[in-house]
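Here's a quick briefing for anyone opening this structure for the first time. Have a look at the model, then read on.

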Amino acid sequence: MGARRLRRLKPTIVLIAAGLALTGCGVAHDSSPADVADDSASLVAYVGRNEEHVRPLVEAFEAETGVSVDARYGSTGELATTILQEGEASPADIFFAQDPVYIGALVDAGLLAPLPDDIIARVSEGISGPKNEWVGVTARRRVMVYSPNNLPETNLPKSIHELTGPAWNGRVGLAPTHSSFVSFVASMIATEGKDGARHWLTAIAVNDPVRFDGNHEIVEAVAAGDLAVGLVNHYYALQMAAERGSIDASNHSFEPGDPGDVLMPTTIGILESSAHQEVAQDFIRFLLRDSSQKHFLDNVKEYPLVEGIGTPPGERPLDVELIHSMRLTEVGHNLTLATSLIAQAGLV
Amino acid sequence: MTPVRKRLRALSLVATLAGIIAIALCLPPLVVLVAEAASAGITSDIPPSRLIELLVGTLQLIIIVTASTVLLGTTTALLVTRTDLSGRRVLSLLVMVPLALPAYVLAIALVGMGGGGGLVTQFTAAVGLEPAPVAQGLWAAALCLTLFNLPIVHALVVTALNRLDPALEESARLLGDPPSRVFFRVILPQLRTPLATAACIVALYTLSDFGAVSVLRYDTFTRAVYSQFRGGVDLAPAFALSGVLISMAMVLIVLHAILRGRPMPVASIARPPLTLRLSFTGRVAAGVVLWAVVVSSLVAPIATLATWSVRGIMSGVQPGPIFAETATTLQFALAAAAVTTLFAIPIALSSYRGNSRIGRLAETLPWVTHSLPHLAIGLGFLVVSLALPSVFYQSSGMLILVYAAIFLPVAVGAQQLALRQIDPRLLEVSRTLGHGVWSTSIRVGVALVWRAAMTGALLVAVLVSQELPATLLLRPTGTETLAIRVWGAVPEGQVTTGSIAAILLVALAVPLVAAHHRATLQVRPT
């Protein structure tokens, strides 16, 4: 016994001690924000957007205000599901979503608090929830990405309805569980009716599309020559071209009025249950500042919704009517129907 | 109180403690899953034709992966244990090193190799060949999961082969049987149980895999459960699909349980058998097989990940806060390992000496939780943690408890192995020297078991650092781990970031696996 035994036991003791210390620290550290006495010190934001593009703004807000923001990054759908499960007990103060549809489900569940008028007034009129439960931050247009080297632009379809034809069998990339696709379907339900949307989904599903989890991988696949075309948002190809000089992937727009030509706002709202309404509002004000809007324009290549900031390269100037044409108040109620139709078509 | 009664009381105390731990930790998610799946019924919008497609796709993958790993793993095991191939010990080790690579890391490496932008295409383009195919769908998933499961089968078969009584094989050969006949008539029949066990483990893993099939875009039931969770805002369809998934898993789990009960071949005298002298052609063929396995499961993936990482760093890609994520991953791994090891002690002890019903329950329950797809268990725990007071929800403490619930059998298994090797006479001696039950347990038990417990703890740490689905569902807000980073990088098209995170994840596992390997070598009786 004695020293030798003790020496041999040391790693075990260290491991167990370290484990216990860490567990202890962890539990203490993660006490939910509601328990924190200092009301202004922290925010919990569920961010259903690309972490890379939002983190710089979160960090800038933290540096400027001294408020610490715990951001949970994930897909918009996953986080909306989580909040709906959490209900009133949600630790989240803010939900920053990719679209007006998933946040619409939270509006329907009565989980969001109305935003003050000065926030709503920052963006072009009407890009907000029915009772100001959310406000638009930026907008993205639905496009079809293609490779100019492999496909001459003249051969590209004018409408998404053409994509269900035999010429496009096995050549179209989709991200059917991604919130931007779900939103597009919700918008199609609003404009073409439930049966119109069902018809298109069923037809595209049997046309052997290539299913992805995210839009970015679709654009990568097109640029690499692995896929002919894909239904995505406009900024992916712009970002990649900016990063790499040039890429073999361009955006093709469907004809105006086609259900495939939609401009969708990204959205943000504050949970009714949040004990930090004012700080949360400050965070939204921060995102709607000129400098933050310029970040979205310059680095993400999205449309800023605050006027006078600019237009993404190669895109038309912001057409607010195009956003309204997706019928914002109506699409907010279409989520369950949209996801059902997508599943029924066999795309999940 | 008489010593005997005192001892019985201590034992039943340990068994009760074990039962409480197992029930409190592992039962709640099972109850939730069964209840939710039952109430969800067939609420899924997925049409029957699509369900059948998913079922067929899942079974196809299971059959291909199981058949190919069993064939390949038996071949590699035979080559390193029964031939005189030079360098076979090193090769055997190299075949097992990929145990440190989680399946989704292999998957992201495959993504980095194939397609128009992949590394393989850059080679083929240089010599004017067609671009390599995109790593997606059935073949990619089957290849990835075969490479992932191969080391497990190899290790199991090598262990089994080492335990066979060599006298039987030698007699057959002396009687003039050619090597192939010796294999089919003598070796193979004795390998039936270990091979069936291996097949069960591989099939169960393939059914449960979430990361690799997601990265490689192959639809199985597990992936569909997650798609339902991600796309819709209603959990019922995800639970309905989980119900199907769990039923499929239970078949394999029961089969595995039956096989576990069967005795494995153990030679009374373990000595190395006579090795087969390979001809020149045999030597070349054996070398080609083993090196092909090592290259495709280890060298090529690591080289791909390293190339993408280096290129990305050179071109100034910002991989995000990966060092903070490495620290988080390590913290969770060590904390969970410590907690799991502590929880495992009473369970291992109660199964060692006691034969109570509660002791058996304490052993079986965690094993079922461990064997079920972790995505389903994660969904179950999500509901459980929502029902608990809000401090538990999305807390590090809760996540560590979930890890403990999932990986408890790993720690228990390691401790049981060591306990079984304790000579009962040592305990008797200690007792006759006047030490009480507790003193004896601590002086003899702990001294003999601590090394095995450490081994188990290290293994738990590695598994926790690589765990994906439960982490994804239950991680505290603001904490990302390397596993989440690797998985999340692919849909964003960030192969570089994913590769860097994957390399760090593997780097984290290597010292732990090495330490584990050393410890198991020392535990093994000579």
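In chain B of this predicted model, 83% of the contacts with a separation of 6 or more are between residues 24 or more positions apart. For chain A, the figure worked out the same way is 76%.

**Chain B as a whole**
- Chain B is built with 21 helices and 0 strands.
- Its radius of gyration is 24 Å, close to the 24 Å that the globule rule gives for 526 residues, so chain B is as compact as a globular protein of that length.
- Along the principal axes, the C-alpha atoms of chain B fill a box of roughly 80 × 70 × 50 Å.
- Out of its 526 residues, 53% count as buried.

**One spot in chain B: B:V56**
- You'll find B:V56 in helix α2 of chain B, which covers residues 48–82.
- Is B:V56 buried or exposed? It counts as exposed, because it has 10 C-beta neighbours inside 10 Å and the cut-off for exposed is 12 or fewer.
- B:V56 sits 37 residues from B:L93 in sequence, and their C-alpha atoms are 36 Å apart in space.

**Chain A as a whole**
- Of its 348 residues, 55% count as buried.

**A closer look at helix α8 of chain A**
- Helix α8 of chain A runs over residues 235–244, and its buried residues are A:Y235, A:Y236, A:A237, A:L238, A:Q239 and A:M240.
- What do these buried residues pack against? Their partners in chain A are the strands β5 (134–146), β8 (229–233) and β9 (250–252), along with the helices α7 (215–223) and α10 (290–300).
- Just past the end of α8(A) comes A:G245, with a positive phi of about 85 degrees.

**Where the two chains touch**
- On the chain A side, 55 residues are in contact with 48 residues of chain B.
- The elements of chain A that give two or more residues to this side are α1 (3–29), β2 (68–73), α3 (76–86), α7 and α13 (335–344).
- Which element gives the most? That's α1(A), with 13 residues.
- Sorted by class, the side of chain A that touches chain B has 23 nonpolar, 21 polar and 11 charged residues.

Definitions and conventions:
Residues are numbered from 1 along each chain as its sequence is written. Chains are lettered from A and ligands numbered from 1 in the order in which they are written. This is a predicted model: local features need pLDDT of at least 70, side-chain atom pairs count only at pLDDT 80 or more; totals for chains, interfaces and linings use all residues. A residue is buried if 20 or more other C-beta atoms lie within 10 Å of its own, exposed if 12 or fewer, and partly exposed in between; C-beta atoms are placed from the backbone. Helices (H or I, at least four residues) and strands (E, at least two) are DSSP runs, numbered from the N terminus. Two residues are in contact if their C-beta atoms, placed from the backbone, lie within 7 Å. The radius of gyration is taken over C-alpha atoms; the globule rule is 2.2 Å times the number of residues to the power 0.38. Ala, Val, Leu, Ile, Met, Phe, Trp, Tyr, Cys and Pro count as nonpolar, Asp, Glu, Lys and Arg as charged, and the others, Gly among them, as polar.
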